[in-house]
Amino acid sequence: MQRIVVMLVLLASCAIPEWVQSKLSTHWEELTAADFRSAISQSKGTCLLPFGILEKHGPHMPLGTDLLDVRYAALHAAEKEYAVVFPEYYFGQIFEARHEPGTVAYSAHLQLELLQETTDEMARNGCKKIIIVNGHGGNENLLPFFAQTQLEKPHDYVVYVLPVLEAPPGGPPKKSSGPDMHAGESETSKMLIARPDLVHMDRANQESGADQSRLKLPDDLYTAIWWYARFPNHYSGEGGAATKKRGEFEMSHWEDAIVEAIRAVKADQESLQLQNEFFEKARHPLDTQP
Ligand SMILES: [Zn+2]
């Protein structure tokens with residue numbers, strides 16, 4: 001009888017998936033190889049690639065602000081809706097801050113190649129749905145371009161991009177007016193949530209984050225030096241106006257948006273199917289009928 005009970009207990013423990021027995025980490029680098037297999041299954045192949053940068057953030061915040069903020073939001077979102085989160089990634093577009101200390105600006109071709117090899121390797125390991133969560137304004141042209149180039153040749157996975165989000169209306173009123181694009185009230189408020197220990201509020205007014213409007217060009221005409229022309233200190237807005245309350249409001253909106261994206265991507269059965277159909281047709285376009 002005792003032997004039968006022992007056998008039953010053993011059988012039952014084999015049948016329970018590993019992730020039910022102990023909670024799986026959302027961090028790719030914290031999982032064992034065996035747990036990684038369970039994590040891919042639990043996440044339905046949905047993985048996050050939070051994308052930061054290393055660049056000056058006004059006189060008062062750390063170089064890794066975008067990386068720290070985006071990882072805070074992504075990791076909290078993945079706790080609410082499980083997804084595997086790729087380790088620290090900061091190999092993006094930041095040529096416009098090369099004149100400031102601590103900026104790491106990889107060449108354009110390397111940015112694209114490294115990102116492609118990263119998503120290829122994620123997919124080879126089961127991440128068939130990859131959400132790049134962008135935390136850095138300077139990546140806003142790079143990432144849609146990268147996503148679009150996924151149609152260049154067949155892939156067995158889908159890349160989704162969640163851009164930097166505008167703060168929603170409402171919440172604790174903002175104290176500053178005018179541009180608030182970099183290290184200003186909004187971003188500083190979020191850092192007061194993610195890493196308050198790294199924010200030097202007493203230094204926020206040591207430099208000007210005002211718009212210097214040094215180009216006289218039509219709004220629709222783009223040129224690369226526009227940012228430096230407006231914000232040569234690599235600071236836009238008033239960091240000193242930041243509050244924890246505003247940070248809570250904006251950060252929780254960001255987390256909610258990531259949770260919504262993870263759920264939508266898990267449910268998405270169409271994108272990969274349509275990609276496959278498209279790649280097949282692209283092999284012999286003359287056969288394509290309306
Ligand atoms: Zn930033």
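The side chains of His 234 and Trp 227 make a polar contact of 3.0 Å. A polar contact is a pair of N or O atoms within 3.5 Å; within protein, one must be able to donate a hydrogen and the other to accept it, and residues adjacent in sequence count only if both atoms are side-chain atoms. This is a predicted model: local features need pLDDT of at least 70, side-chain atom pairs count only at pLDDT 80 or more, and totals for chains, interfaces and linings use all residues. Residues are numbered from 1 along each chain as its sequence is written, and side-chain values use heavy atoms, leaving out hydrogens and water.

**Around His 234**
- His 234 sits in the loop between α8 (226-230) and α9.
- Its relative accessibility is 2%, so His 234 counts as buried (under 20% relative accessible area; exposed is over 50%, partly exposed in between; 1.4 Å probe, protein chains only).
- A second polar contact, of 2.5 Å, links the side chains of His 234 and Glu 55.
- Beyond four places in sequence, His 234 has contacts (heavy atoms within 4.5 Å) that include Lys 56, Ile 94, Glu 100 and His 182.

**The sheet**
- Helices (H or I, at least four residues) and strands (E, at least two) are DSSP runs, numbered from the N terminus.
- An open sheet holds 4 strands in the order β2-β1-β3-β4, with parallel pairing (at least two DSSP bridges between two strands).
- β2 (84-85) and β4 (158-162) are the edge strands, each pairing on one side only.
- Strand β3 (residues 129-134) runs parallel to β4, joined by 5 bridges.
- Ile 130 has Val 159 of β4 as its bridge partner.
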